Amino acid sequence: MNNTRVYKMSFASVYPHYIQKAEKKGRTKDEVDEIIFWLTGYDQQMLQQHLDNKTDFETFFVQAPQINSNVSKITGVICGYRVEEIKEELMQKIRYLDKLIDELAKGKAMDKVLRK
């Protein structure tokens, strides 16, 4: 599978869709940001820099300060694939984020979404 197109997609172009998906279900931008911070180790300032610079997904995840050690607890299906079985590390990280945003939008409590 060639995922180059996804990797080169601007994170800033997808971010509003994450927020929209969450807000449609009564969740907030702050909750989306909290998920991103938990997964990547970024803080608000670093996230804003990536959004302003229109960083692509590949760079966004390569430069992440610290991928959370609990990512192995993220399981389930996203876009027809089991996230825990995705072989390409970068695509797996992107799908982890998709999965967490989906769980938020489905009404899961933040403690459960963040695997606490």
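Tutor: Let's start with R95, which counts as buried because its relative accessibility is 18%, under the 20% cut-off. Keep in mind as we go that this is a predicted model. The partner of R95 is D98, and their side chains meet in a salt bridge with 2.8 Å from N to O. D98 is buried too, at 14% relative accessibility. Both residues belong to helix α6 (residues 89–105), where they lie three residues apart, about one turn of the helix. There is also a network to look for: salt bridges that share partners join E103, K108 and R115 into one.

Now hop over to R27 and E31. They form a salt bridge as well, and here the closest N and O atoms are 3.1 Å apart. R27 has a relative accessibility of 14%, so it counts as buried. E31 comes out at 18%, so it is classed as buried as well.

The next pair is K8 with E58, a salt bridge whose closest N and O atoms are 2.8 Å apart. This one ties together distant parts of the chain: K8 sits in the loop between α1 (4–7) and α2 (11–24), while E58 is in helix α5 (residues 57–62), 50 residues apart. What about burial? E58 is partly exposed, because its relative accessible area of 28% falls between the 20% and 50% limits. Count up the salt bridges across the model and you get nine.

On to the packing, and specifically α2 against helix α3 (residues 29–40). Their axes are 8 Å apart and the angle is about 125°. An angle like that is neither in the perpendicular range of 65 to 115 degrees nor over 145, so α2 and α3 are oblique to each other. As for handedness, the α2 and α3 crossing is right-handed.

Which residues make the contact? From α2 you have F11, Y15, Y18, I19, A22 and E23, and they meet K29, V32, D33 and I36 in α3.

Terms used. Residues numbered from 1 in each chain as written. Predicted model: local features only at pLDDT ≥ 70, side-chain atom pairs only at ≥ 80, totals over all residues. Heavy atoms only, no water. Salt bridge = Lys/Arg side-chain N within 4 Å of Asp/Glu carboxyl O. Helix = DSSP H or I, 4+ residues; strand = E, 2+ residues; numbered from the N terminus. Buried < 20%, exposed > 50% of the residue type's maximum accessible area, 1.4 Å probe, protein only. Axes fitted to C-alpha atoms, helices over the stretch in contact; angles between N-to-C directions. Parallel < 35°, antiparallel > 145°, perpendicular 65-115°, else oblique. Left-handed = near helix turned anticlockwise from the far one by under 90°. Contact = heavy atoms within 4.5 Å.
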